[in-house]
Amino acid sequence: MSTITATEREQIEEANASGRRIVLLVHGLWAIAPGWAPWRQFLADRGLATVALEWPGEPPTVEEALARPETLAGIGVQDVTEHAADVIAALERAPGLIGHSFGGLVTHELAGMGLAAATVGVSPAPFRGAFGLRWSVVRGGAPVLTNPANLGRAVRLS
């Protein structure tokens, strides 16, 4: 079951009170919500309100995320999508969505559910059944993805 964090709740309240168009930002793997800070400022300077989605169980700082990667082990696309849908339900109007990597995949899922005013996937992860990964992507992820000891773990790429 998804729960909206205190940080998300604060951003939701600010966005709702602003009367501005709202953009929900969804990060991908190996990132956390504070990484959207430059984008949030960029969009605010252009008259938009933003909410940076936190994945369920996401540590609040980069330092904590690096020290405790296991907090995100087992979190899947469906978990993040359901949490994002809860955040969207707390907004007074349908937001625009911007997602990067796996966050882009989540934004496409949310758009397919009719929850978005507009959607942008920045280099989105492919959905199940889509093929066509470049060899460099496969080669880069192989050390983590082919190690059976990593099954069910969160492993940081170098």
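**Close-up views of a predicted model**

View 1. Leaving out residues up to four places away in sequence, Asn16 touches Ile22, Ala90, Leu91, Glu92 and Arg93, where contact means heavy atoms within 4.5 Å. Asn16 belongs to helix α1, residues 6-18, with helices (H or I, at least four residues) and strands (E, at least two) taken as DSSP runs numbered from the N terminus. With a relative accessible area of 13%, Asn16 is buried; buried means under 20% relative accessible area, exposed over 50%, and partly exposed in between, for a 1.4 Å probe and protein chains only. A polar atom of the Asn16 side chain lies 2.8 Å from the backbone nitrogen of Glu92.

Residues are numbered from 1 along each chain as its sequence is written, and side-chain values use heavy atoms, with hydrogens and water left out. In this predicted model, local features need pLDDT of at least 70 and side-chain atom pairs count only at pLDDT 80 or more, whereas totals for chains, interfaces and linings use all residues.

**View 2. Thr50 in strand β2, residues 49-52.** Thr50 is buried, its relative accessible area being 8%. The side chains of Thr50 and Arg40 are joined by a polar contact of 2.8 Å, that is, a pair of N or O atoms within 3.5 Å, of which, within protein, one must be able to donate a hydrogen and the other to accept it, and residues adjacent in sequence count only if both atoms are side-chain atoms. Apart from neighbours within four places in sequence, Thr50 is in contact with Gln11, Val23, Leu25, Arg40 and Leu43.

**View 3. The contact between helix α4 (residues 77-89) and helix α5 (residues 102-112).** The axes of α4 and α5, which are lines fitted to C-alpha atoms over the stretch in contact, with angles from 0 to 180 degrees between N-to-C directions, come within 10 Å and cross at roughly 60 degrees. The contact is made by Val77, Val80, Thr81, Ala84, Ala85 and Ile88 of α4, together with Phe102, Leu105, Val106, Glu109 and Leu110 of α5.

**View 4. Two serines with positive phi, Ser101 and Ser123.** Ser101, in the loop between β3 (96-100) and α5, has a phi of about 60 degrees although it is not a glycine, and this residue is partly exposed, with a relative accessible area of 21%. Ser123, in the loop between β4 (118-122) and α6 (135-145), has a phi near 50 degrees and counts as exposed at 56% relative accessibility.
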